[in-house]
Amino acid sequence: MNTYLFVYDLIQFCGHSWIFTNMIIRFMSFGKDSVADTFYSIGLVMRLCQLLSVLEILHILIGIDKSRLFPRFLQITERIIVLFVVINSQEEVQGKYIVCVLFFLWNLLDVVRYTYNMLARMGIYYLPLTWLNFSLCIPLYPLSVLAEAFTICVSLPYFESFGTYSIKLRFPFAFPIYFPCVLKMYLLVLFIGMCFIIQNLVSERKAHLETGNIKKKRS
């Protein structure tokens, strides 16, 4: 199982590193012009990585990953919803600057996290990397949630204009589902979940850094 988890983390690291490097090189080469087609150049790999991350919920459920289930579930589902339901369904949103910012934040967090995870599978712990992994997410995760919320807000006019996902149920009684309203309600869920996850990130940071300091003193 440890070998399997290492391979999983390696695949995710390669995927997110490719996306992150691609975004930086494109921005350095083409400047602001690269933003318009960022989704078209990296969207496929991004979708594959995010779909693959669903396995992390399974890893926790079967006990091979000791992470807490609910915070990880919230983080994965919010990305799936924003990427597949909001961005992927609205072509007009895909070229917005906020999508580029959002992808940058996601991949920066994941490159660090999967690097730490790979080394941890081998029993290798570098205190600077441990500090970076459990500290970087505390400021960047709320920023990524704000970017997700802004992406949803930007997409609302397009969902209203095209009627995407808005349906009218006829049985057992007529009941219209107006998808922009669903997204607005989801924004509340997103921010409530963010508060819960930040608390979990702070507690994880405290636990891991205290453990790392104890090991360093003993050595």
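Is Asp 37 buried, partly exposed or exposed, and what is its relative accessibility? Asp 37 counts as partly exposed, at 32% relative accessibility, where buried means under 20% relative accessible area, exposed over 50% and partly exposed in between (1.4 Å probe, protein chains only).

The model is predicted, so that local features need pLDDT of at least 70 and side-chain atom pairs count only at pLDDT 80 or more, whereas totals for chains, interfaces and linings use all residues. Residues are numbered from 1 along each chain as its sequence is written, and side-chain values use heavy atoms, with hydrogens and water left out.

**View 1. The salt bridge between Arg 26 and Asp 37.** The closest N and O atoms of the pair are 2.4 Å apart, a salt bridge being a side-chain nitrogen of Lys or Arg within 4 Å of a carboxyl oxygen of Asp or Glu. Because Arg 26 lies in helix α1 and Asp 37 in the loop between α1 and α2, the pair ties together parts that are 11 residues apart in sequence; helices (H or I, at least four residues) and strands (E, at least two) are DSSP runs, numbered from the N terminus. Arg 26 is buried, with a relative accessible area of 17%.

**View 2. A network of salt bridges that links Glu 56, Arg 72, Arg 79, Asp 110 and Arg 113.** Glu 56 forms a salt bridge with Arg 113, with 3.5 Å between the closest N and O atoms, and this pair links distant parts of the chain, Glu 56 in helix α3 and Arg 113 in helix α6, 57 residues apart. Arg 79 and Asp 110 meet through their side chains at 2.5 Å, N to O, and join helix α4 to helix α6 across 31 residues. Arg 79 is buried at 12% relative accessibility, and Asp 110 is buried with a relative accessible area of 3%.

**View 3. The second largest pocket, with about 200 Å³ of space.** A pocket is an open set of points on a 1 Å grid over the protein atoms alone, where a 1.4 Å probe fits, with protein on both sides within 12 Å along at least five of seven lines; lining residues have an atom within 4 Å of a point. Volume here is the space filled by probe spheres set on the points, which are joined across faces, edges and corners. Of the 14 lining residues, Met 23, Phe 27, Val 35, Cys 100 and Phe 104 lie nearest the centre of this pocket, and α1 gives the largest share of the lining, five residues.
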